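I opened my notebook to look up a helix pair and a hairpin. Here is what I jotted down.

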Amino acid sequence: MKLLRFMIRKDMAKSALISLLLALLSCAFLISVLRPSYAYGEKYMTYLKGGSETVSQDAQKLADEQNALNNEINDYQNNHNTGGVKQAELPVELEEKIIDFSQKNSQAGAGLDSMFSLIEGELYSQQNALKLISERVRGYSRNARRGVTDEYSLKLSDKLISDYNAVITDLKKSDDIIDTRAADGFENYMSSEILIPFGVYLLLFSIFSSEIQSGRIKSFGITKTGVRKFSLFKLCTGFVAVIILVLIIYTVDIITLFIYDKLDMPLQYLSGFELSSANMSFGGYLVAVFAAKLVYALFTASIVMFLSMLCRKTILAGAVCLVPIFVPLYLKTTSLSNPAVDILTGNYTNMLNDTGYMNFWGIPAREYVVYSAIIFIMTAFFVAGTYLLAERQVG
């Protein structure tokens with residue numbers, strides 16, 4: 001155990017430094033995602049609190065003014081077109097109208113039309129989640145009355161009715177309107193960020209290949225420690241490094257998030273989560289995201305370390321270990337969408353933004369529970385493979 005503690009302490013500084021640098025980069029990216037939606041000043045909150053009717057009326061008024069101005073410009077140019085390539089110059093009065101409209105439609109450097117669109121998206125989730133879920137519950141309740149005989153469908157209906165009733169109870173207790181810009185921006189960013197997988201790659205692609213190439217791992221074969229025990233210790237140090245990586249990056253991102261806003265609201269208030277059956281607050285969602293990212297990072301780490309053990313050269317390991325980093329990212333960009341793909345890519349958004357169940361041998365099972373179990377088994381498989389390959393690779 002002394003050797004294990006020494007190896008962990010030895011790699012701690014490197015892991016912490018890489019993690020902190022990536023965390024600062026992640027913080028910068030997150031701020032760049034959040035900042036545009038905060039460019040509207042106090043007017044944004046005024047319209048948000050005014051509700052969807054006020055926003056809809058003013059958005060329509062703005063659109064009508066834009067259309068009227070466009071029509072006036074088109075009419076003038078059509079009436080003064082001489083048949084040449086160059087269009088007729090607009091009169092001073094019309095140019096002044098264009099300038100006045102642009103200034104009117106500008107709020108802290110951002111157009112009011114963009115602000116109205118953003119507010120409408122926020123209000124849709126908050127003002128329709130309860131209605132949409134209630135309608136879905138009524139639909140599931142009708143299954144039994146209509147004589148549905150599919151056993152799985154009936155089991156799923158029972159579970160969702162129970163889940164959604166709990167969600168409905170909490171939604172009825174919630175405030176009508178909450179500013180969700182930070183929450184929506186954070187969810188969009190975290191669902192597509194690649195710094196954690198990239199950090200896993202940087203930390204671990206050479207963890208075994210460099211030891212094999214230098215002959216250091218082979219030298220442990222003639223010591224009391226042995227090759228396999230040394231490899232097991234290296235596996236432990238690799239997983240500790242990944243835990244540090246995820247913890248530092250995620251902590252910095254959460255601190256950045258709460259600088260923008262204090263967020264205590266139902267998960268269903270997030271844009272795209274209106275029909276989520278998960279009865280949790282946004283704070284609970286943050287914990288779930290952390291757990292999902294940590295589990296998936298450890299899984300990715302197990303594959304990277306396995307491939308590093310297979311490759312005797314560090315350069316080869318650097319190339320081969322890119323595969324488990326970029327394949328999931330590619331799959332996320334495709335149109336494939338099913339529980340299997342969600343599990344293999346760690347797509348926690350799809351696990352929580354709707355019913356959240358999958359057919360597991362005829363039993364409705366929470367997708368994130370199945371995800372955790374499968375990822376744990378696959379991680380154990382790659383860890384065992386790395387451990388068993390150690391002596392063969394240095395033999």
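I started with the helices and found that H6 passes H10 in a right-handed crossing (the near helix is turned clockwise from the far one by less than a right angle). This is a predicted model, where local features need pLDDT of at least 70, side-chain atom pairs count only at pLDDT 80 or more, and totals for chains, interfaces and linings use all residues. Residues are numbered from 1 along each chain as its sequence is written, and side-chain values use heavy atoms, leaving out hydrogens and water.

I noted H6 as residues 181-192 and H10 as residues 227-260, with axes that come within 10 Å and cross at roughly 155°. Axes here are lines fitted to C-alpha atoms over the stretch in contact, with angles from 0 to 180 degrees between N-to-C directions. H6 is therefore roughly antiparallel to H10 (over 145 degrees).

Next I listed who touches whom (heavy atoms within 4.5 Å). H6 brings Ala182, Ala183, Phe186, Tyr189 and Met190, and H10 brings Tyr250, Asp253, Ile254, Leu257 and Tyr260. I sorted the contact of H6 with H10 by class: nine nonpolar residues, no polar ones and one charged.

Then I turned to the hairpin. Strands E3 (residues 357-360) and E4 (residues 363-366) run antiparallel, joined by four bridges (pairing takes at least two DSSP bridges). Phenylalanine 360 faces isoleucine 363 in E4, and asparagine 359 stands opposite proline 364. Two residues lie between the strands, and tryptophan 361 takes a positive phi near 55°.

How values were computed
Parallel < 35°, antiparallel > 145°, perpendicular 65-115°, else oblique. Nonpolar A, V, L, I, M, F, W, Y, C, P; charged D, E, K, R; others polar.
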